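Work through these exercises with the structure open beside you. Each task is followed by its solution, step by step.

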Amino acid sequence: MVLKSICERIIGATCSSKSSVETIDNSQVPASLKVGSGESKYPNTSLWSGFFPSGFLVSETHSEPSPSEKKAVYFGNSGWAAAVWKVVNSGSMRRFQERVLGTGRTEISSSDGDIWLLGVCHNISQQESTANVDASNEFAAFEQDFSSKILVTYRKGFDAIGDSKYTSDVYWGCMFRSSQMLVAQALLFHKLGRSWRKNIDKPLDKEYIEILQSFGDSEASAFSIHNLLQAGKDYGLAVGSWVGPYAMCRTWEVLARNQRETDNLAEQPLPMAIYVVSGDEDGERGGAPVVCIEDASKRCSDFSRGKLVWTPLLLLVPLVLGLDKINPRYIPLLQSTFKFPQSLGILGGKPGASTYLIGVQGDKALYLDPHEVQQVVNINGESQETSTSSYHSNVIRHIPLDSIDPSLAIGFYCRDKDDFDDFCSRASKLAEESNGAPLFTVAQSWRFLSQTASNNGPGGNLGFQDDDSVAMDVANEAGNNEDDWQLL
C-alpha cells in the first residue's frame with residue numbers, strides 16, 4: 001500500500017500539469033496500451049506488481065503476458081492511461097524502482113556453488129586455499145563464456161514494420177528478442193562450436209558476422225523481427241502485440257521453412273531442421289510433451305528433401321508448468337536441462353517480461369535481458385567491433401527459478417544423430433528421476449505410445465505421470481478436476 005500511495009502521488013503530480021505530460025506517439029505504443037483503447041493486460045497478481053516486477057526496470061513491464069493470465073485491468077479514461085504511460089517511462093521512476101526493488105544485477109559468489117552455462121560447468125566453488133588461483137581463472141573463463149553469448153535487445157530507429165508506423169519494438173518485443181537469442185546461440189554452436197569465444201584482440205570470424213547480420217532489423221535480414229511477424233500471422237502475431245512461447249516456437253518453424261531458397265543445406269539461413277515438441281501429433285493433449293524419435297527423423301528427412309537420413313536439429317519444447325506460478329516439482333528438472341551438452345537455455349522470465357535464461361547457479365537462473373533499448377545498427381565491413389559490441393553484455397543478472405513464469409520453452413541443439421541419441425538418453429534418465437512428473441518424455445514412435453495407452457486401459461496416462469498427486473495438485477490449485485499442467 002505504501003508503494004501504491006507513493007506512485008499515486010507521482011501520477012497525480014504528473015496529471016496536475018499539462019506541460020509535464022509529453023505527447024504520446026500512439027504508433028509506437030503497444031496496441032493493448034494505446035491511449036483511448038480502454039484496456040490493458042497485466043500479470044495475474046495486481047496492477048502495481050505489474051508495474052514493478054522485481055529485477056526488471058519499470059519500462060520493461062510492458063511485455064508479453066503469460067498464458068496463465070485470466071484477468072484484465074481496465075483504465076477508466078485516456079488521461080489515466082496517458083499518466084501511467086508517462087510515469088513508467090520516466091527516468092525518475094526507473095531510479096526509484098532500482099532503489100526499492102533492485103536492478104536484477106548481481107555479483108556471483110563462489111559460495112553459491114558451480115555454474116552451469118548452456119551445458120558447460122564452471123567450477124568456481126573450489127574452496128581449497130591452494131586452489132585460489134585456479135578458482136580465479138575459472139571465474140574469468142565463466143565471464144568470457146557469458147559475455148560471448150549473443151545478446152539481442154529492443155531496438156529503435158529501424159525501418160517501419162510492414163504497413164505499420166512502428167520503428168521500434170520497445171515494450172512489446174521481448175519474447176521476439178529472447179527467441180532470437182536462443183536461435184543465435186544454436187547458429188553459433190553449429191558454425192563455430194560451443195568453445196567459441198569473442199576475442200577483441202583477433203579479427204572477428206566471418207561466420208559470427210553473418211550470424212549477427214541475419215538478426216538485423218529489416219526485411220533483408222532472414223531472422224529479423226519484421227520477418228518473424230510475417231511468419232507468425234497464423235499464430236496471432238501482430239506488430240505491437242505480445243506473444244507467448246508456444247506461438248513463438250511455431251513461428252520459427254514457419255519462418256525457417258519460408259527462408260529455404262536452395263537445396264544446399266550449408267547455405268540455408270538456418271542450416272538445421274526444427275522440431276517443436278508437442279503433447280501429441282496435434283499438440284492439443286495435456287500432459288508432458290513427447291520427443292518422438294520417428295518425428296525427429298522425419299523433420300530431418302523433410303529438411304534435406306529426402307537426401308539425408310539425419311541433419312542438425314533444433315528442438316524447441318514449449319511448456320506450461322503451473323497456473324499462476326511454476327510448480328516447484330519441476331525446478332530441479334529445469335536446473336538439470338542446463339547440464340545437457342545440447343542445452344540452448346530457456347525462453348522465460350518474470351510474468352509479463354520475457355528473458356533468455358542461459359545458466360543456473362543453485363536456485364538462481366542467469367539470464368540475458370532484452371529490455372535495454374538500443375539504437376539500430378548496421379553490421380558491415382567497417383567498424384565491426386563498434387557495431388557488434390551492442391550484441392554482448394558482461395552484466396550478469398539472475399532470477400530465482402521459483403519466480404519465473406510457468407509458461408516457457410526449452411531449447412536444445414543436436415549436431416548429428418549421435419548427439420541426438422545422447423540427448424534422448426539424458427532426457428529419458430531425467431524423466432525416470434522425475435517421480436512421475438517429467439518435463440517431457442522420449443518415445444520411438446506414436447504407435448508404441450498408443451500400445452502403451454491401450455495396455456494401461458481406458459483413461460491411461462501413457463506413462464507420462466505415474467504419480468496422480470501431480471495432477472491433483474494442479475487441479476486443486478485450479479479449483480476443478482481438470483489437469484491444466486500443459487494445454488498447448
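**Exercise 1. The surroundings of Leu 212**

Task: Leaving aside neighbours within four places in sequence, find which residues Leu 212 is in contact with. Then decide whether Leu 212 is buried or exposed.

Solution. This is a predicted model.
- Step 1: Leu 212 belongs to helix α7, residues 206–214.
- Step 2: list the contacts. Beyond its neighbours within four places in sequence, Leu 212 touches Ile 150, Ile 379, Thr 388 and Tyr 391.
- Step 3: check the accessibility. The relative value for Leu 212 is 1%. Buried means under 20%, so Leu 212 counts as buried.
- Step 4: compare sequence with space. Leu 151 is 61 residues from Leu 212 in sequence, yet their C-alpha atoms lie 10.0 Å apart.

**Exercise 2. The length and setting of α6**

Task: Work out what span the 19 residues of helix α6 should have, and compare it with the distance between its end C-alpha atoms.

Solution. 
- Step 1: find the helix. α6 covers residues 174–192.
- Step 2: look at burial. Of the 19 residues of α6, 16 are buried, so the helix is largely enclosed by the rest of the structure.
- Step 3: look past the end. Gly 193 follows α6, and its phi is positive, near 90°.

**Exercise 3. Two partners of α6**

Task: Describe how α6 crosses α7 and how α6 crosses α9.

Solution. Two packed helices are described by the angle between their axes and the distance between the axes.
- Step 1: take α7. Its axis and that of α6 come within 10 Å and cross at roughly 160°. An angle over 145 degrees counts as roughly antiparallel, so α6 is roughly antiparallel to α7. The crossing of α6 and α7 is right-handed.
- Step 2: name the residues that meet. α6 brings Ala 184, Leu 187, Leu 188, Lys 191 and Leu 192; α7 brings Glu 207, Tyr 208, Glu 210, Ile 211 and Ser 214. In this contact of α6 with α7, six residues are nonpolar, one is polar and three are charged.
- Step 3: take α9, residues 245–258. The axes of α6 and α9 come within 11 Å and cross at roughly 50°. That angle makes α6 oblique to α9. The crossing of α6 and α9 is right-handed.
- Step 4: name the residues again. From α6 come Met 175, Phe 176, Ser 179, Gln 180 and Val 183; from α9 come Pro 245, Met 248 and Trp 252. The contact of α6 with α9 has six nonpolar residues, two polar and no charged.

Key: Residues numbered from 1 in each chain as written. Predicted model: local features only at pLDDT ≥ 70, side-chain atom pairs only at ≥ 80, totals over all residues. Heavy atoms only, no water. Helix = DSSP H or I, 4+ residues; strand = E, 2+ residues; numbered from the N terminus. Expected span 1.5 Å × (residues − 1). Buried < 20%, exposed > 50% of the residue type's maximum accessible area, 1.4 Å probe, protein only. Contact = heavy atoms within 4.5 Å. Axes fitted to C-alpha atoms, helices over the stretch in contact; angles between N-to-C directions. Parallel < 35°, antiparallel > 145°, perpendicular 65-115°, else oblique. Left-handed = near helix turned anticlockwise from the far one by under 90°. Nonpolar A, V, L, I, M, F, W, Y, C, P; charged D, E, K, R; others polar.
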